[in-house]
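Subject: Handover of a structure

Dear colleague,

Please find the structure below.

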Amino acid sequence: MIGSREKIFQGIKAGSPLALGYFPIAVAFGALAVQADLTWVEATLMSILVFAGASQFVGVSMLLAGAGMVQIIMATFFLNLRHLMMSMTLNHQFRSFSAREKIALSFGITDESFAVLALGGQGGDEHQALTPHYTAGLMITAYLGWVSGSAFGAIFAGVIPGEITTAMTAGLYALFIGLLVPPIKKSPVYLTAAGAGMLFNYLAGFFLESGWSIVLATLCASVLGLLILEGSE
Amino acid sequence: MNELYLILGMAFVTFIPRLLPSLFMDRIRFPSWFQRWLKIIPYAVLGALIFPGILSVAPDQPLLGLLGGLAAFLLAVWNLHITLVMLGAVLTVLLVQYIL
């Protein structure tokens with residue numbers, strides 16, 4: 001199975017920028033979780049079981065603000081509804097995988113892993129046909145960065161200066177931008193969808209919470225893109 | 001162990017939206033427009049994820065995220081590898097913080 005070992009290795013390579021980007025942010029999460037009176041074991045466990053940066057930050061911030069369990073769990077749910085759309089898109093690309101592989105790999109879907117998996121093969125120089133091994137290698141690498149960073153941050157709270165965390169957060173946005181630019185240079189439909197996604201999310205943000213506004217903006221922008229695509233044929 | 005229930009609850013509601021499509025996507029025969037729509041979703045999602053979120057990289061200094069994003073955009077237009085695009089944005093934001 002040399003082929004699959006190579007695919008895992010390629011996946012690890014594609015996932016390592018994610019792990020590096022996740023680490024300091026997970027450190028910040030771990031430090032915040034300890035402030036919210038979680039133990040380092042609980043903070044790490046949350047990263048192991050939840051593996052979703054935005055909802056973990058929101059959950060812990062709500063805990064700090066004295067919110068109740070049901071409120072926090074509901075906020076988490078709505079914040080993550082966007083993963084439903086990402087998982088639909090990815091599972092369409094996973095259609096040749098076994099049922100067990102699809103279920104296991106679904107757990108590793110994050111904004112960032114989705115971005116690399118859904119766009120990494122298109123327009124980029126390293127064309128990657130998705131295989132289970134490649135996908136698993138990428139997701140596990142990102143996961144280890146997130147979990148180890150959380151434990152580190154919870155145990156050694158305040159080690160990484162805020163400036164570095166801020167810069168690494170910008171790095172994750174740079175990942176999105178870097179993945180988006182090559183395909184939108186080539187396709188006006190993709191360019192419209194991305195631009196409309198930004199505009200709609202900005203507008204929806206005035207009257208919706210972030211979780212909903214991303215979902216609504218994505219739906220509207222992708223439908224707009226589809227209408228333009230169908231109209232041009 | 002209230003915290004444990006909280007963590008388990010969060011884990012459950014986070015996994016459900018990720019899991020559902022892996023259970024039903026291959027049981028349904030989707031029309032071809034639906035498959036074209038799925039191909040467009042990533043671009044719409046990424047647009048929505050980038051903006052306006054990038055303004056809150058440093059919540060009190062929206063310019064910081066914008067400058068990092070601009071650096072990433074220029075490097076990406078220049079066809080540099082994704083790792084260099086990320087590195088360029090990180091260094092830009094570090095540098096700007098250091099100067100300000």
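In this message, helices (H or I, at least four residues) and strands (E, at least two) are DSSP runs, numbered from the N terminus. The model is predicted, and local features are reported at pLDDT of at least 70 and side-chain atom pairs at pLDDT 80 or more, while totals for chains, interfaces and linings use all residues. Residues are numbered from 1 along each chain as its sequence is written, and chains are lettered from A and ligands numbered from 1 in the order in which they are written.

Chain A as a whole

Read from the N terminus, the elements of chain A are α-α-α-α-α-α-α-α-α-α-α; that is, eleven helices and zero strands. The C-alpha atoms of chain A occupy a box of roughly 55 × 50 × 35 Å along the principal axes. Of the 233 residues in chain A, 55% are buried (20 or more other C-beta atoms within 10 Å of the residue's own; 12 or fewer is exposed, in between is partly exposed; C-beta atoms are placed from the backbone).

Two packed helices

Two packed helices are described by the angle between their axes and the distance between the axes. Helix α10 (residues 188–204) and helix α11 (residues 210–231) of chain A pack at about 150 degrees, with axes 8 Å apart. Axes here are lines fitted to C-alpha atoms, for helices over the stretch in contact, and angles run from 0 to 180 degrees between N-to-C directions. α10(A) and α11(A) are therefore roughly antiparallel (over 145 degrees; under 35 is roughly parallel, 65 to 115 roughly perpendicular and the rest oblique). Among the residues making the contact are A:F200 of α10(A) and A:L224 of α11(A), where contact means C-beta atoms, placed from the backbone, within 7 Å. By class, this contact has 13 nonpolar, seven polar and no charged residues (Ala, Val, Leu, Ile, Met, Phe, Trp, Tyr, Cys and Pro are nonpolar, Asp, Glu, Lys and Arg charged, and the others, Gly among them, polar).

Chain A against chain B

The contact takes 76 residues from chain A and 57 from chain B. On the chain A side, the largest share, 18 residues, comes from helix α9 (residues 162–186). That side divides into 47 nonpolar, 22 polar and seven charged residues.

One residue, A:E42, lies in helix α2 (residues 40–49) of chain A. Leaving aside its neighbours within four places in sequence, A:E42 is in contact with B:E3 and B:I7. A:E42 counts as partly exposed because it has 18 C-beta neighbours inside 10 Å.

Yours sincerely

Definitions and conventions. Contact = placed C-beta atoms within 7 Å.
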